[in-house]
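Biologist: Could you take me through this structure? I have not looked at it before.

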Amino acid sequence: MAKKTGIGSDLLGLAEVDRVVHEPARLMILMVLYGVESADFTFLLNATELTWGNLSSHVTKLEEVNYVKVDKAFVGKKPRTMVQLTQTGRQAVDSYRQTMQGAMRRLR
Amino acid sequence: MSESINLRDVQKRTMQLSTFEDGLWDLLLGAIFMLLAFYPITRELLGPSLNIALFLFLLAFLVVGQLGARHIISGPRMGYVQPRRTPKMRLLLVVTAVFVLLTFGLVLLTFFSPEWLSSGSEPSTPSLMRSYLVELIVVFVIGGIFTTMGYLFGVARLYFYGWMLGFANLASVYMSHTAGWTFQVPGAIAAGIILIIGFMQLLRFLRNYPVRTEEA
């Protein structure tokens, strides 16, 4: 049986990119969280300039795939939601960067 | 997408937002160097022991005040961030702490002006470099620390602060030796400039970042 070559392994690799990370708003959230231990919702709002609803829905999506961990707590009487990148999330970002860097290098 | 996404730039911007955006760091720095500018006057009035005690008390008061202001002013507006504790970050913190302590030590040393460091008389031109050796070291130490910090955190005004404070200290000591100025006027001007920049930064921060009332 002849080996299937398709359109080339480079482009097929690009097609396998993690779509949860690839979405621009989620990528921004992950990039901000990559450099810190954890950040609260207010900081993420300022850093990403997303709306509250948008940020909330994207963080929920990231939490569902275990890329981020969300801790809700009360500081005094005020609620504070801290978001932290998990090890899985960190690996996903690293993998995404490698895939995209490789693809961009080959894209002419 | 016309611009590349640089993870290091994102991390720098995160650091800027969490630490330098509100101007409180600048206000703390300006206030500390303003204290140092008044240091020789209060030393004459209070004596060395009481003066150092007062200085340390005011320093602690400023640091605690800055932390409190961050909690009350910045927290609800900018949010809270826990920095990542990587080995590189820990090393950076240790090196920064050592250099900051070294700088303060050298600045205080220049104010005490021990005899073994200077001739004690008005310096002649050939021995000018040797007479102001400590102050010149202070210029490069402060300038170097702030330049490194400015580069690492992506905050351009830190370059300006470092070299301005270093040369202001040199000018203060020179004026003290040549004109007998007890009050460190150049140091106070430099500290005042930093305080003004910090205050303007704080006003801009308060305008740009209103208190957010939503919370999940």
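Biologist: What should I know before we start?

Modeller: This is a predicted model, in which local features need pLDDT of at least 70 and side-chain atom pairs count only at pLDDT 80 or more, while totals for chains, interfaces and linings use all residues. Residues are numbered from 1 along each chain as its sequence is written, and chains are lettered from A and ligands numbered from 1 in the order in which they are written.

Biologist: In what order do the strands of the sheet come?

Modeller: The order is E2(A)-E3(A)-E1(A)-E1(B), in an open sheet of four strands with antiparallel pairing. Strands (E, at least two residues) and helices (H or I, at least four) are DSSP runs numbered from the N terminus, and two strands pair if DSSP finds at least two bridges between them.

Biologist: Which strands are at the edges?

Modeller: Strand E2 (68–75) of chain A and E1 of chain B are the edge strands, each pairing on one side only. From one strand to the next, the twist averages 20°.

Biologist: How many bridges join E2(A) to E3(A)?

Modeller: Eight bridges join these antiparallel strands. Lys72(A), for instance, stands opposite Thr81(A) in E3(A).

Biologist: And which helix packs on the sheet?

Modeller: H3(A) does, touching E1, E2 and E3 of chain A, and its direction makes about 90° with that of E3(A). Such angles run from 0 to 180 degrees between N-to-C directions, and axes are lines fitted to C-alpha atoms, for helices over the stretch in contact.

Biologist: How do H3(A) and H5(A) pack?

Modeller: Their axes are 10 Å apart, at an angle of about 75°. That makes H3(A) roughly perpendicular (65 to 115 degrees) to H5(A). Ala25(A), Arg26(A) and Ile29(A) in H3(A) meet residues of H5(A) including His58(A) and Leu62(A); contact requires C-beta atoms, placed from the backbone, within 7 Å.

Biologist: Now the two chains. How many residues does each give to the contact?

Modeller: Chain A gives 20 residues and chain B gives 19 residues. On the chain A side, H4(A) supplies the largest share, six residues. That side divides into eleven nonpolar, six polar and three charged residues. Ala, Val, Leu, Ile, Met, Phe, Trp, Tyr, Cys and Pro count as nonpolar, Asp, Glu, Lys and Arg as charged, and the others, Gly among them, as polar.

Biologist: Where do strands of the two chains pair?

Modeller: E1(A) pairs with strand E1 (residues 81–83) of chain B in the antiparallel sense over three bridges. Val36(A) stands opposite Pro83(B) in E1(B).

Technical notes: Two residues are in contact if their C-beta atoms, placed from the backbone, lie within 7 Å. Angles under 35 degrees count as roughly parallel, over 145 as roughly antiparallel, 65 to 115 as roughly perpendicular and the rest as oblique.
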